[in-house]
Amino acid sequence: MSTWSNPFLSVSPILCALPKVAKGRQMFWEKPMETLKGDDLKRLQEDRLKETCSRAMGTGFYRDLFKSAGISPADIKTLDDITRLPFTRKQDLRGGYPFGFLAVPLSSVVRIHTTSGTTGKPTVVGYTRGDLEKWSSLIARNLTMVGLRQGDVFQNMVNYGMFTGGLGFHYGAEKIGLTVIPSATGNTKRQIEMIHDFGVTAIHCTPSYAMHLAESAEEAGIKLDSLKTGIFGAEPWSESLRGELEEKLGVTAYDSYGLSELYGPGVAFECQERDGLHIWHDCYLVEIIDPVTGEQLGPGEQGELVVTPLVKEAMPLIRYRTGDVTMLIEDDCPCGRGMKIARITGRSDDMLVIRGINVFPSQIEHVLLGIPEVGNQFMVYVDRVNHLDEMTIEVELSRTHFSGELADLARIQKKVIKELRDALELRTTVRLVEPGSLPRFEGKAKRVIDRRTGD
Amino acid sequence: MPAECMIRQISVFSENKPGKLASIAKALQEGGVNILAFSIAEADGFGVVRAIVNKPEIAYRELTRLGYNVAFTEVIAVGMEDRPGGLYEIADLLGGASLNIEYAYAYSGKEGAVLILRVDNPADAIARIQAGGRRCLPSSVFQ
């Protein structure tokens, strides 16, 4: 995906120049922290980890957890010592409803957000004044990193209520002096009108809303020429959607990652290289684990993101399992910043273990996206035949790739099997089905049917 | 002339499931399309229904409307003697010229037996068959 394929950008000399000079004129909000490396970074992380552990002792949950692990916060001396502590899960947070995870008195909490739970009680997140200051600084880093500065007009098209995306971005954007339009959600016609009339240069919303906005503007025949930057997050989105949004909206699109338990948005963010998201190493200690065994994985290995926030005051957490699937990227990013994670590809609770190999539906989707002869919809069936796991993938033949010959169909089938084997290191059965015959999902897709019984 | 002898076969991608053939046949019936020759080729869970019909355009439209993947494939139709050895004569003509048959199906009607052939090189095949004294039926016979 190249910025230069975007026709809007290619005719604008100012914007064309931007990525080229970026390396020389990188903009930072807190450069020393953003570029901290080596032993200095390690020392800072260790100090902050120790502080976090002692802060966590302010909650009954972590007092019990340390006790049952048979250690005290003083035993945590190095970053590696963290593996002596168990993980904290979403259901633990729900169990502490409403204020069981607050390590400070409620009187020190200046704001509360909640995240909607699909089942039962929501998760409550509290913030001290210091937390809000830190959080908005992280947002400020992100917005500065993608080239926004005073003079830019920023329309924040996400929910401003209990959801962290609204207020979170709002205060960070004000901090760096952007002209902020707290337009929140809804009334797409009005959103388009404001972008057009106020000369909005940057927007923040979910990628699916961005697509809706783009199509609505197109239908209304309104050109949104002032836009240059799109920040999209809160749901996973593909590179092909990035390309479409960039073309339709005339923006450079950046991926934003966060979750309320870790403040909200701003945890990790793409820089102008757009090759992975920088996760703020002075505020978040990162592990990637095998979601089944809990073992740590190395760079380049896909697994679940586990985060220990290092500066949270009101609600310290230790080894929080995000459920999001990614991997560590170890390279020297030309922007000069540190630790990166790959774009989120799915949820670890979707993971399948087939003959001992971890398989994420997102990997299958990725393979199929690269094969033009088949569609993007698919279903996965898992069976156990003679004590062996068998995975069957149904995929639709593309409408434009039917030659009429059985031999060509067999070739396509073989190609899909081979590419899946290359990507998953697993033999699968592939069934070609008629176009349009697989279920379409409007909400959360349910593409995996596991028919294995415990034998 | 080879062009006259090229016959448009309609090929339909179909999953191997109960009711599929009925659904295809019903669509053709509703379009008033008559099937003159027909075969099913089956692979791993899917197949291709191949047919020579009198109104290929209508068949294409009706089946596509139902969501089927439909393609036209060019085949040739060779008149055979309806007696022992009839098929051998045609097959031998092609085999002797090293012309490969991808697939074939046949019917035996009132005017004689007809062999539908899909070959790599139809122009060569037609020439060879005509040189061997056999007749390739023009598409006007069917369509």
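**Helix packing, chain interface and local backbone features**

In this predicted model, helix α7 (residues 129–145) and helix α8 (residues 164–175) of chain A cross at roughly 70°, and their axes come within 7 Å. That angle makes α7(A) roughly perpendicular to α8(A). Both helices give several residues to the contact. From α7(A) come A:E133, A:W135, A:S136, A:S137, A:I139, A:A140 and A:L143. They meet A:T164, A:G168, A:F169, A:Y171, A:G172, A:A173 and A:K175 of α8(A). Sorted by class, the contact of α7(A) with α8(A) has seven nonpolar, five polar and two charged residues.

Chain A also touches chain B. On the side of chain A, 16 residues take part, and they are in contact with 24 residues of chain B. The size of an interface is often given as the accessible area lost when the parts come together. For chain A and chain B, the buried area is about 1,600 Å². Carbon and sulfur atoms account for 55% of this area.

Polar links cross this interface as well. Two salt bridges are found between chain A and chain B. A salt bridge joins the side chains of B:R118 and A:E405, with an N to O distance of 3.2 Å. Nine residue pairs are in polar contact between chain A and chain B, counting pairs with both residues at pLDDT 80 or more. Two elements of chain A, α13 (406–424) and β20 (429–433), each give two or more residues to the side that touches chain B. The largest share, four residues, comes from α13(A). By class, the side of chain A that touches chain B has eight nonpolar, five polar and three charged residues.

Salt bridges were also counted over the whole structure. Over all chains, the structure holds 41 salt bridges. One of them pairs A:R337 with A:E34, and their closest N and O atoms are 2.8 Å apart.

Two backbone features complete the description. Most residues other than glycine have a negative phi, and most peptide bonds are trans. Between A:Y97 and A:P98, however, the peptide bond is cis, with omega at about -5°. A:P98 is placed in the loop between α6 (90–95) and β1 (111–115) of chain A. A:A184 is a residue other than glycine, yet its phi is positive, near 55°. The loop between β4 (179–181) and α9 (188–198) of chain A holds A:A184.

Conventions. Residues are numbered from 1 along each chain as its sequence is written. Chains are lettered from A and ligands numbered from 1 in the order in which they are written. Side-chain values use heavy atoms; hydrogens and water are left out. Axes are lines fitted to C-alpha atoms, for helices over the stretch in contact, and angles run from 0 to 180 degrees between N-to-C directions. Angles under 35 degrees count as roughly parallel, over 145 as roughly antiparallel, 65 to 115 as roughly perpendicular and the rest as oblique. Contact means heavy atoms within 4.5 Å. Ala, Val, Leu, Ile, Met, Phe, Trp, Tyr, Cys and Pro count as nonpolar, Asp, Glu, Lys and Arg as charged, and the others, Gly among them, as polar. Buried area is the accessible area (1.4 Å probe) that two parts lose on being put together, summed over both. A salt bridge is a side-chain nitrogen of Lys or Arg within 4 Å of a carboxyl oxygen of Asp or Glu. A polar contact is a pair of N or O atoms within 3.5 Å; within protein, one must be able to donate a hydrogen and the other to accept it, and residues adjacent in sequence count only if both atoms are side-chain atoms.
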